[in-house]
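Subject: Structure handover

Dear colleague,

Here is the structure I am passing on to you. My notes on it follow below.

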Amino acid sequence: MSEGNGRPALRVGIVGLGIAGSSMVPALQKHPNVRLTAVSTRNEERGRKFAEDFPVEVYPGIEELCESESVDAVYVATPTQLHGEHAIIAAERGKHVIVEKPIAVTLEEAGAMIEAAERNGVKMVVGPSQSFEPPIRKIREIVEGGSLGRVRMIHNWYFNDWMYRPRTPDELDTGQGGGVTYRQGAHQFDIIRLIGGGMVRSVRAMTGRWDDDRPTEGAHSVFLEFEDRTAATAVYNGYDRFHTTEITFGIGEGGPLVTSDVYGRSRKLIRKSGGSDAEVALKDAAGYGGERAKNYAKTEPHHPFFGLTVVSCERGDIRQSPDGLLVYGPEEKEEVILPKDVTGRDALIGELYEAVANDEAPLHDGRWGRANIEVCVAALESARERKEVYLSHQTPVPEKGNALPQAR
């Protein structure tokens, strides 16, 4: 099947219509050669609402969706502990796969997913993760270009309210891939690995569980050493006190301007919510068609800030600005303005499409996703054992793997 521009169409089904699945819809609609053709959800009301808004097939489970002849690729937007099972189901039925980050809970499960994709000849992309975002990809382009010399230090520090946003029990269970080291470290390590070239040698970390009512990692400090001796730190604190937006121009994770006149708003909301069932209901209401659902088609005024990212090279430093990047070069400070018509999710859809259409390996493939989760697992082990942990599943950034997608 080809589109009017002569390029083949890619028909995509979404599995899961929570926050993640809903967030991907605008990017799927935006790509000229991608069609959203099906969804799967256990929530019948949500499925009916989606079918009213979009001309798609609706199925109760991933197995039924993957039997559809109207689906070429599947976006697995289910809870982390189900990623492996669902990605393998899709791959074994010949469907290309986008799987939400983190790729899985264990390295063994990630390996099984990679093997299933390769055995069945399908492409797998892991994301959306923050290294898809244009500012991070542009930083990698500058670093790779060499104008500032070799990269020597990379830092990503993020303070926010993650632990007190409405959560389901699995999101607060480390054994099911919950907590900030799995859920948010997967973003931080993805950013750091892309900028640094991918090959992390070792990890030393400490994690924090500071609230008995939220029994998982809510904070971590992680030191990463690359094979080429580049040093990096990933600091995360999700306990809703200091927020990094105070030093990132008031710009938040999705690109909005963030203002709040209530200190600790999220902590107070959760403590007044009325218990676990009420909290789950709040989380559910943020899914597609819910009363707390965002307008995902809304264009934010800025690129996303995943906390504060600062990169130091031999002859200069780089950080984000409201409209792009600030480059502190040998002689002067320069702002690099970046267009806002391409988002990270646009880049993800483009990466999968080009991989399928050109039969080429995507940058953010299963091995890349496994390398990110290896850092998560190593950080937890390092904190538990109080030792440096060496890595063995790292993968380099391929040449030209950082190219920004063209605006469509």
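I begin with a hairpin: strands β11 and β12 form one, with two residues between them. Strands here are DSSP runs of E with at least two residues, helices are runs of H or I with at least four residues, and both are numbered from the N terminus. The model is predicted, so local features need pLDDT of at least 70 and side-chain atom pairs count only at pLDDT 80 or more, while totals for chains, interfaces and linings use all residues. Residues are numbered from 1 along each chain as its sequence is written, and side-chain values use heavy atoms, with hydrogens and water left out.

The sheet

Strand β11 (residues 308-313) and strand β12 (residues 316-321) pair in the antiparallel sense over four bridges; two strands count as paired if DSSP finds at least two bridges between them. Within this pair, Cys313 stands opposite Gly316 of β12. β11 also runs antiparallel to strand β7 (residues 151-159), to which six bridges join it, and His155 stands opposite Val310 in β11.

These strands belong to an open sheet of nine strands with mixed pairing, in the order β14-β13-β12-β11-β7-β10-β9-β8-β15. Its edge strands, β14 (333-337) and β15 (389-390), each pair on one side only. Two bridges connect β15 to strand β8 (residues 200-208), again in the antiparallel sense. Ser202 has Tyr390 in β15 as its bridge partner.

Two buried residues

Thr230 is found in the loop between β9 (219-226) and β10 (231-237). Its relative accessible area is 0%, so Thr230 is buried (buried means under 20% relative accessible area, exposed over 50%, partly exposed in between, with a 1.4 Å probe and protein chains only). The Thr230 side chain makes a polar contact with the side chain of Asp228 at 2.9 Å, and reaches the backbone oxygen of Val151 at 3.1 Å. A polar contact is a pair of N or O atoms within 3.5 Å; within protein, one must be able to donate a hydrogen and the other to accept it, and residues adjacent in sequence count only if both atoms are side-chain atoms. Not counting residues up to four places away in sequence, Thr230 touches Val151, Arg152, Met153, Ile154, Leu224 and Glu225, where contact means heavy atoms within 4.5 Å.

His220 lies in strand β9 and counts as buried because its relative accessibility is 2%. The side chain of His220 makes a polar contact with that of Thr181 at 3.0 Å. Beyond four places in sequence, the contacts of His220 include Met206, Ala234 and Tyr236.

The cores

The largest nonpolar core has 76 residues, and those with the most contacts inside it are Ile103, Val203, Leu224, Val311 and Ile318. Helix α12 (residues 366-385) gives the most to this core, with seven residues. Apart from it lies another core, of 26 residues, among them Val12, Leu17, Val56 and Leu348. A nonpolar core is a set of buried Ala, Val, Leu, Ile, Met, Phe, Trp, Tyr and Cys residues joined through side-chain atoms within 4.5 Å.

The whole protein

The protein has twelve helices and 15 strands. Of its 408 residues, 57% count as buried. The C-alpha atoms fill a box of roughly 55 × 55 × 40 Å, taken along the principal axes.

Regards
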